[in-house]
Amino acid sequence: MKTIRLGATALEISEIGFGGIPIIPLPQEEAVSVVKHCFDLGVTFFDTANMYPTSEEKLGIALRSIRKKVVIATKTAQRDAKGAAEHIDLSLRQLQTDWIDVYQLHNVSNGDALNQVLAPQGAYETVLKARDAGKIRFIGVSSHSIATAMEAVKTGLFQTLQFPFNFIESDPANQLFPLAIQNKMGVIGMKPLGGGVLERADLCFKFLQGHPYVVPIPGIRAKSEAEEIVALYRNPEPLSETDLKEIENIRSTLGEKFCHRCEYCMPCEQGVQISSVLMFQAAAKRLSREGVKGWIGKAMESAEQCIECGECEQKCPYNLPISDLLKENLALYNQYVRS
Ligand code: SF4
Ligand code: SF4
């Protein structure tokens with residue numbers, strides 16, 4: 001497996017990383033075995049988050065004996081200094097390590113979130129102190145909003161940027177990623193398979209190989225998946241004309257329904273958690289029934305509060321028919337929990 005330098009950090013990592021969500025529902029022994037198998041295949045970059053139940057613990061067990069040979073990234077969604085301090089110590093314990101290589105502020109996807117983390121007594125203050133204390137090596141940010149991520153990059157306060165990137169969500173390659181690279185940041189591509197929506201792994205990774213400065217972190221839940229992805233990297237192929245046509249087909253089919261989780265539609269006055277409801281089908285493909293209920297069960301229930309006022313649809317830059325999609329996903333969810 002080729003390695004890549006993560007921006008201006010001193011971190012040399014495998015050209016593809018490991019995303020820690022799909023190991024959530026796996027029994028511990030199986031999850032540990034999958035993670036170890038990825039390392040054996042050459043993967044040295046492992047990304048998780050405090051918010052992914054059991055993921056840090058499983059990675060901690062799998063990686064403790066090879067800690068110095070791997071790079072671990074995790075995240076906190078806490079916005080204040082106290083909450084972030086608690087999360088850093090919890091992550092260190094769960095990951096069974098004395099240091100975290102990349103600590104990211106999670107899902108900073110609107111101006112309020114960015115202002116909160118950077119304000120006095122905000123999470124950034126804590127993360128900086130933790131870096132000075134040696135608990136963290138580099139500081140990153142993850143986001144789903146191009147505008148907010150651009151602002152975060154411009155602050156010059158972060159060494160890495162994590163953002164969704166795949167052939168459906170390719171806009172970051174226009175301005176955001178060039179700006180991050182200009183700022184010497186490492187670029188981490190989350191959701192290389194569209195969060196489980198895109199089924200043609202070959203097309204996804206051929207597309208990503210055309211953007212070698214992005215380190216994709218596919219969620220991997222089985223050894224066979226890891227082997228398939230690694231094989232695609234061992235024998236890289238450019239996108240053919242046929243591939244490009246197929247990508248266009250998929251783009252036009254999904255275009256009307258694909259939620260980019262940018263959160264421009266929020267907040268909803270009725271409390272509907274729109275983007276979480278719209279990710280139901282992807283979640284159901286990747287997680288167990290219990291995992292889906294724990295992860296987005298409350299959000300799914302919030303869809304019942306939709307009064308079809310249409311305000312969110314006016315704010316959605318992708319013109320998604322949100323009310324219809326909420327109803328569709330809620331009906332599918334109710335069927336799913338009853339089946
Ligand atoms: S519904 Fe539209 S605005 Fe809301 S998160 Fe999805 S893509 Fe963004
Ligand atoms: S249409 Fe439904 S989800 Fe959208 S803003 Fe109105 S109540 Fe909220």
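Student: What makes Arg 289 a helix residue?

Tutor: Arg 289 belongs to helix 13 (residues 289–302). Helices are DSSP runs of H or I with at least four residues, strands are runs of E with at least two, and both are numbered from the N terminus. Please note that this is a predicted model, in which local features need pLDDT of at least 70, side-chain atom pairs count only at pLDDT 80 or more, and totals for chains, interfaces and linings use all residues. Residues are numbered from 1 along each chain as its sequence is written, chains are lettered from A and ligands numbered from 1 in the order in which they are written, and side-chain values use heavy atoms, with hydrogens and water left out.

Student: Why is Arg 289 called partly exposed?

Tutor: Its relative accessible area is 33%. Buried means under 20%, exposed over 50%, and partly exposed in between, with a 1.4 Å probe and protein chains only. Arg 289 is therefore partly exposed.

Student: Which residues does Arg 289 contact, apart from neighbours within four places in sequence?

Tutor: Arg 289 is in contact (heavy atoms within 4.5 Å) with Tyr 336, Val 337 and Ser 339. By contrast, Arg 289 and Ala 130 are 159 residues apart in sequence, and their C-alpha atoms are 37 Å apart in space.

Student: How do you know that Phe 207 is buried?

Tutor: Phe 207 has a relative accessible area of 10%, so it counts as buried. This residue lies in helix 8 (residues 201–209). Not counting residues up to four places away in sequence, Phe 207 touches Phe 165, Asn 166, Phe 167, Ser 170 and Leu 239.

Student: Is Glu 29 buried or exposed, and how do you know?

Tutor: Glu 29 has 71% relative accessibility, so it counts as exposed. The residue lies in helix 1 (residues 28–40).

Student: What makes the backbone at Gln 121 and Lys 184 worth noting?

Tutor: Most residues other than glycine have a negative phi, and most peptide bonds are trans. Gln 121 is not a glycine, and its phi is positive, near 70 degrees. Lys 184, also not a glycine, has a positive phi of about 60 degrees. Gln 121 lies in the loop between helix 4 (111–118) and helix 5 (123–132), and Lys 184 in the loop between helix 7 (176–182) and strand 9 (186–190). Gln 121 has 57% relative accessibility and so counts as exposed; Lys 184, at 57%, also counts as exposed.

Student: What kind of peptide bond joins Met 266 and Pro 267, and where is Pro 267 placed?

Tutor: The bond is cis, with omega about 0 degrees. Pro 267 is in the loop between helix 10 (241–255) and helix 11 (274–278).

Student: Which residues surround ligand 2, and how are they classed?

Tutor: A residue is near a molecule if one of its heavy atoms lies within 4 Å of it. The residues around ligand 2 include Cys 268, Cys 306, Cys 309, Cys 312 and Ser 323. Ala, Val, Leu, Ile, Met, Phe, Trp, Tyr, Cys and Pro count as nonpolar, Asp, Glu, Lys and Arg as charged, and the others, Gly among them, as polar. On that basis the shell divides into 8 nonpolar, 3 polar and 1 charged.

Student: Why is Ser 323 called buried?

Tutor: Ser 323 has a relative accessible area of 8%, so it is buried. It lies in helix 15 (residues 322–338). Apart from residues up to four places away in sequence, Ser 323 touches Cys 306, Glu 308 and Glu 313.

Student: How many residues surround ligand 1, and which are the closest?

Tutor: There are 13, the closest being Cys 259, Cys 262, Glu 263, Cys 265 and Cys 316. By class, this shell has 9 nonpolar, 2 polar and 2 charged residues.

Student: What makes the protein chain as compact as a globular protein of its length?

Tutor: The chain has 15 helices and 10 strands. Its radius of gyration is 19 Å, close to the 20 Å that the globule rule gives for 339 residues, so it is as compact as a globular protein of that length. The radius is taken over C-alpha atoms, and the rule is 2.2 Å times the number of residues to the power 0.38.
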